[in-house]
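Colleague: Before we talk about this one, please put the model up. I would like to go through the terms and see what stands behind each.

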Amino acid sequence: MSTKHQLYKFKVETIRSISHGVYILSFKHNFQFSAGQIIAVDLIPDGKPRLYSIASAEKEALMEILFDEKKDGKLTPFLSKLVPGDDINVSEPFGTFKISAESGYCIAAGTGIAPFVSMARSGLGNNKVLIHGAKMDESFYFSDLLEEIMPGNLVRCCSQQEDTKYYKGRLTQWLINQNDLPSTQHYYLCGSAEMVVQVRDILINKGIPFQNIISETYF
Amino acid sequence: MQTKRNLFGLTVLQLKEVVLSIGLPAYTAIQLEEWLYKKRVSDFVSMTNLSKQAREKLEMDYIIQLTEPSKVQVSIDGTKKYLYPTQIGKFIEAAYIPDKERATLCVSTQIGCKMGCLFCMTGKQGFQGNLTAGEILNQIQSLPEFDKLTNIVYMGMGEPMDNIEAVLQSIEIITSDKGYGWSPKRITVSTIGIIPAMITFLEKSQAHLAISLHSPFDEERQEIMPIQSVYPISEVIAEIKKWDLGRQRRISFEYIMFKDVNDTPRHVNELVRLLNGIKCRINLIRFHPIPDTPLEGTNYDGIVDFQQRLRAKGLTVTIRASRGEDIFAACGMLSTKELLNKQQETDF
């Protein structure tokens, strides 16, 4: 009867902390997927899996997810304790938040950068502008990699660090300050509902048709 | 000092754990359930069939705490919107909608919402937290019109299937013989279509299900409802078609009508195709405009025309009466106004 997520067992290949409480976990896989898709992840086969965007490239043998450890979470405090060789249960990639090869804008907050990292690594980033918002400089995950792949097309907005190397302010403010955002391109948004809704309102107020705004919210 | 635990919102099984943990007999849980929800007392002293020793033990570590609404707006049509403060200092809403012999309460399940639908005011708050079963039930039991209620709909702030445990726990209390003793046929739970939780709901509850459809086309639905990218409506419908829900249980599809977006003959044809084989009702809803929305509601004549086109194809279609327009009864309006007065901390 049920079409709850069917999970398959894999072995953790690597797990590393890249910032305070933020981790990248990888495992070898045999899935086909498109940049922007997600997987359901759990430690037990029949539990209540959580959904994560894939951060690795479409053709890479190792699949990566990026996660933020929630102290009172039901999964991430345990995920962060895994070591290479441990089992994790993962669904096939799914979802239709797919990033096209056409030029466009990608806008993310925090770990919402993951699908856009997959996009960049999959060769779809050359004609995109990527705008990433975070509280502190250390939270611009995959920054070196993205600078290498998308030089000149990366905007980082740091909202809380006084001596930031990047734009000082929220990404919403950066967007408000832009006067030449093209209305014919697609805008891909990934982050909390609050971020997505605020950014979407700003874009619509600037004349971007809502049909050109494609959103994915964490839940 | 240790905080006393609130017993309000606990099911009989959870109450049993409580009473056993303090050395009381298991049957005390059934007595407690009846006092809390059927007789609706809010102090242990009034529980006269409990021994004095039992009452003293309960008093020591537990409380029964309900929260009165902090604000009410009253519409000229009798609709009332109640604002309730939550345990974490935020606000939620419940809308009381009297209509002849019916009186429906629309309850919230979350503070804010994670779904970010383009047409929804609650989404503008972002997500602030889940409600407990007690906080969901509090909207019902603290309602001044409690005794008039005939129906409860889980269609207020938040996505019920994103807080499925608390939703099921509250329904268990509402339908328990020693709780409110309601039939599940008087309860409808709405969902945007989170498939795994929807399956859990169908397995564990007998209440009606309402699915927020709003567009039959995958790509167009994604433009107004981000959840579509995770759980496409075609897959939600495919799941529903697997269930034999019998005669007692109703599936309905909510369809807010947006001018030139989802109200054309093309949408009629696709709705007919999509819902083919499901015994259901489509509920057409007039759009309550919200600030900064690019969407415009279909006018009443357009809604009636859409209804007639669907009916001509054999579907059961109703038009939901717009209620409480003068007090902005669409969910999230009142609480968002309260919330936006406070500076929110964000990660961007």
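Modeller: Start with strand 7 (residues 104–109) and strand 8 (residues 128–134) of chain A, which run parallel and are joined by 6 bridges. This is a predicted model, in which local features need pLDDT of at least 70 and side-chain atom pairs count only at pLDDT 80 or more, while totals for chains, interfaces and linings use all residues. Residues are numbered from 1 along each chain as its sequence is written, chains are lettered from A and ligands numbered from 1 in the order in which they are written, and side-chain values use heavy atoms, with hydrogens and water left out.

Colleague: What makes strand 7 and strand 8 of chain A a pair?

Modeller: Two strands pair if DSSP finds at least two bridges between them, and here 6 bridges join them. Strands themselves are DSSP runs (E, at least two residues), and helices are runs of H or I with at least four, both numbered from the N terminus. Within the pair, Cys106(A) stands opposite Leu130(A) of strand 8.

Colleague: Why is one side of strand 10 and of strand 12 of chain A left without a neighbour in the sheet?

Modeller: The open sheet has the order 10-9-8-7-11-12, with parallel pairing. Strand 10 (167–168) and strand 12 (213–217) stand at its edges with a single partner strand each, so one side of each has no neighbour there. Helix 5 (residues 193–205) of chain A lies across strand 7, strand 11 (186–191) and strand 12, at about 155° to strand 11. Angles run from 0 to 180 degrees between N-to-C directions, with axes fitted to C-alpha atoms, for helices over the stretch in contact.

Colleague: Which strands stand at the edges of the antiparallel sheet of chain A?

Modeller: The order is 4-3-6-1-2-5, and strand 4 (50–53) and strand 5 (62–68) are the edge strands. Strand 1 (residues 7–19) and strand 6 (residues 87–91) of chain A pair in the antiparallel sense over 5 bridges; Leu7(A) stands opposite Ser91(A).

Colleague: Why is Asp201(A) with Lys124(B) called a salt bridge?

Modeller: The term asks for a side-chain nitrogen of Lys or Arg within 4 Å of a carboxyl oxygen of Asp or Glu. The N to O distance is 2.6 Å, so the pair qualifies. Between chain B and chain A the count is 2 salt bridges.

Colleague: What does the contact between chain B and chain A take from each?

Modeller: With contact meaning heavy atoms within 4.5 Å, 39 residues come from chain B and 40 residues from chain A.
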